[in-house]
Amino acid sequence: MTDTIFDLVQGDGPLVISMPHCGTELSPGLADRLTDEALTLRDTDWHIPRLYGFATGLGATLLSARYSRYVVDLNRSSTGESLYPGQATTGLCPETLFDGTPLYRDGQAPDAAEVAQRVEGYWRPYHDALAAELARVKARHGFALLYDAHSIRSQVPRLFDGRLPDLNLGTARGISADPRLAARVVAAMESAAAAEGMTCVTNGRFVGGHITRAYGQPAENVHAIQMELAQDRYMDEEAPPFAYRPDRAEKLQRVLRALLDAFASWRPAQG
């Protein structure tokens, strides 16, 4: 089953791009338990593998989930602690949509035993693969660069006020990547975003989830950042079929390419 949990394209550079929320498959029988609204998979990070397809040209390794975050959220701790205590969020096996409406039909939410099964069947294989890829590129280059790729509707009142900036970079408030590397990436993002008329922020509402925080260990030569994108910059975000918009995506890809060029070409100081 493991080889169907995710898609993996191995590159020869130090950059690993994780895409944990792009999956749209559901575990057996789950569709019958979800509300009609949940079945639209509205909270998916739609089209992220397509948007970042250019990154193979940078030698990047691409790891993308096949299963929906409604099965299990790969960017949460396997023990379910909140990423943002005191703020609205969704859990390891979410029971609500981002807007707070029920994900499951009455009485159909998973119990603790089912949550544990999902962790073992879906969460752990993805994280085993991610850890293995980071170890592989670190063994080759002496360091590893992890970019955790996300997107979200530009307006979700339950989660944040107003419209989200177009690009939301997170470094776990400065601890998941070397500060010199973070400054280099932020500078590239800000310059490219300004040239395209886009907005950006660093360590704003989204500072990085479990993947950024758990794997970003600069002292161990693994540097991680998270990117949360406003979906209306590359797709139709309001209603199914949530279509990809190449006319919008092209501009955003120019910003992302500049940012990833700066990230992937960085090298640690010697000595």
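Reader: What makes both faces of β7 covered?
Author: On one side, Val-222, Ala-224, Gln-226, Glu-228 and Ala-230 are buried, and on the other His-223, Ile-225, Met-227 and Leu-229 are buried. Buried means under 20% relative accessible area, exposed means over 50%, and partly exposed lies in between (1.4 Å probe, protein chains only). In a regular strand the side chains alternate between the two faces of the sheet. The count for β7 is nine buried residues of nine. The model is predicted: local features need pLDDT of at least 70 and side-chain atom pairs count only at pLDDT 80 or more, while totals for chains, interfaces and linings use all residues. Residues are numbered from 1 along each chain as its sequence is written, and side-chain values use heavy atoms, with hydrogens and water left out.

Reader: Why are β4 and β7 said to pair, and in which sense do they run?
Author: Two strands pair if DSSP finds at least two bridges between them. Ile-152 stands opposite Ala-230 in β7. β5 also pairs with β7, over four bridges in the antiparallel sense, and Asn-168 has Glu-228 as its bridge partner there.

Reader: What is the order of the strands in the open sheet, and which are the edge strands?
Author: The seven strands have the order β1-β3-β2-β4-β7-β5-β6, with mixed pairing. The edge strands are β1 (6-9) and β6 (200-202), since each pairs on one side only. Strands here are DSSP runs of E of at least two residues, helices are runs of H or I of at least four, and both are numbered from the N terminus. β1 is joined to β3 (residues 61-65) by four antiparallel bridges, and the partner of Val-9 in β3 is Leu-62.

Reader: What does α5 lie across, and how is its direction given?
Author: Helix α5 (residues 246-264) lies across β2 (15-19), β4, β5 and β7, at about 160° to β4. Axes are lines fitted to C-alpha atoms, for helices over the stretch in contact, and angles run from 0 to 180 degrees between N-to-C directions. Contact means heavy atoms within 4.5 Å. The buried residues of α5 include Leu-252, Leu-256, Leu-260 and Phe-263.

Reader: Which residues touch the most other members of the largest nonpolar core?
Author: The core has 75 residues, and those with the most such neighbours are Ile-17, Leu-51, Tyr-52, Tyr-147, Leu-167 and Leu-260. A nonpolar core is a set of buried Ala, Val, Leu, Ile, Met, Phe, Trp, Tyr and Cys residues joined through side-chain atoms within 4.5 Å. Beyond its neighbours within four places in sequence, Tyr-147 is in contact with residues including Ile-17, Tyr-52, Met-227 and Leu-260.

Reader: How do you know that the span of helix α2 agrees with its length?
Author: The expected span is 1.5 Å times one less than the number of residues. With 30 residues (112-141), α2 should span 44 Å, and its end C-alpha atoms are 41 Å apart, which agrees. A kink of about 40° lies at Trp-123, shortly before Pro-125. Such a bend is the angle between axes fitted to the seven residues ending at a residue and the seven starting there.

Reader: Why is Leu-159 called buried?
Author: Leu-159 is found in the loop between β4 and β5. Its relative accessible area is 10%, so Leu-159 falls within the buried class.
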